[in-house]
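Hello,

I am passing on the structure we talked about, and I hope you enjoy looking through it. My notes follow below.

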Amino acid sequence: MIDIIGVPFDLCGKRLGSRLGPAALRLAGLNQVLHDLHVEVNDMGDLDSGVESTQPGGLRNFEPLLGCLKELKARVRESLQSHSIPVVLGGDHSLPIASVAAALEVYEGDIALLWIDAHADLNTPGTSSTGNIHGMPVAALQRLESGVGGVADVQWSQLLSSVVPHQALSPERCAWYGLRDVDPLEGLRIRQTPGDLAITMHDVDRRGVVETIAWFDQWMKESGARHLWISFDVDALDPILAPGTGTAVRGGLSYRESHLVAELLRECLDARDCPYRLIGLDLVETNPLFDSNNETAKMAVEWVGSLFGKTILGGKSPQGGQ
Ligand SMILES: [Mn+2]
């Protein structure tokens, strides 16, 4: 069973408009694609997203974000506790602070995170050049220090204490895929963490999807985590094919590469000896205001279909351990 949770919240992103993402993804046929795979889908509708409000000296739109994250976390927790797979439709990429936090709580820290994105989203208020919280979720989940003082520091502490569990996400349980726009201090953080896994577009160019997903599978097995959360930012895709995002960066995954990523992840998950399972998914940063004929949402929906087992001939892939 999959629970679809729409979150039309875009107040912490670079450009407004990803609040239209949940509707665009539904109109692109998300529920039908999953239904055709014989997956039971429970569409829980959309959460309230609040209105713009920023305190002087504070993080942009912190108050509405906090309200939204608390509600999302409760919804994702319920979904996980009922053994469904929550699929969170954003909205901007600040939302996984809540969804992954819920998973950390329910599974008592036994999760790993696969962050498929052009960006590492590992900034803190102190290192961010924009102040947009959608570039800080991985740092929040790891409970990094804010690196600033004043109101913003108080708010960061409030975010960590009220959303992120004390048992934070271990940096050794974070993997990135498709990176190509990483700030210098984010790069430094990633390089200084021995156990994390950062697969960049350079790696994809050089070694291809098959080998890099094999790295990921091996890393998952060595991490010992039994639960996998995937956070998929559509800006991982090449903007020539998927222009509908506020944070487009040229040189992303092609249509074929992105599908191969999803198909191979499904093969890994379906393998008889796979020690981990997929527990949840975010699908974020779809922004129809920058799109052309809803192509980005359609591509994201097809990608989800591949992740949940759609194959060209139907049935399981021959490599899937069946
Ligand atoms: Mn991104």
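First, a term: two strands pair if DSSP finds at least two bridges between them. Helices (H or I, at least four residues) and strands (E, at least two) are DSSP runs, numbered from the N terminus. This is a predicted model, in which local features need pLDDT of at least 70 and side-chain atom pairs count only at pLDDT 80 or more, while totals for chains, interfaces and linings use all residues. Residues are numbered from 1 along each chain as its sequence is written.

Now the sheet. It is open, with 8 strands in the order E2-E1-E3-E8-E7-E4-E5-E6 and parallel pairing. Strand E2 (41–46) and strand E6 (197–200) are the edges, each pairing on one side only. Between E7 (residues 227–233) and E8 (residues 277–284) there are 7 bridges; Trp229 has Gly280 in E8 as its bridge partner.

Next, two helices. The axes of H9 (residues 255–270) and H10 (residues 295–307) come within 7 Å and cross at roughly 30° (axes are lines fitted to C-alpha atoms, for helices over the stretch in contact, and angles run from 0 to 180 degrees between N-to-C directions). H9 is therefore roughly parallel to H10, a label for angles under 35 degrees. Residues making the contact include Tyr255 and His259 of H9 and Trp303 of H10 (contact means C-beta atoms, placed from the backbone, within 7 Å).

Finally, Leu72: among the residues that it touches, not counting those up to four places away in sequence, are Ile5, Val88 and Leu95.

Happy exploring!

Definitions and conventions
Contact = placed C-beta atoms within 7 Å. Parallel < 35°, antiparallel > 145°, perpendicular 65-115°, else oblique.
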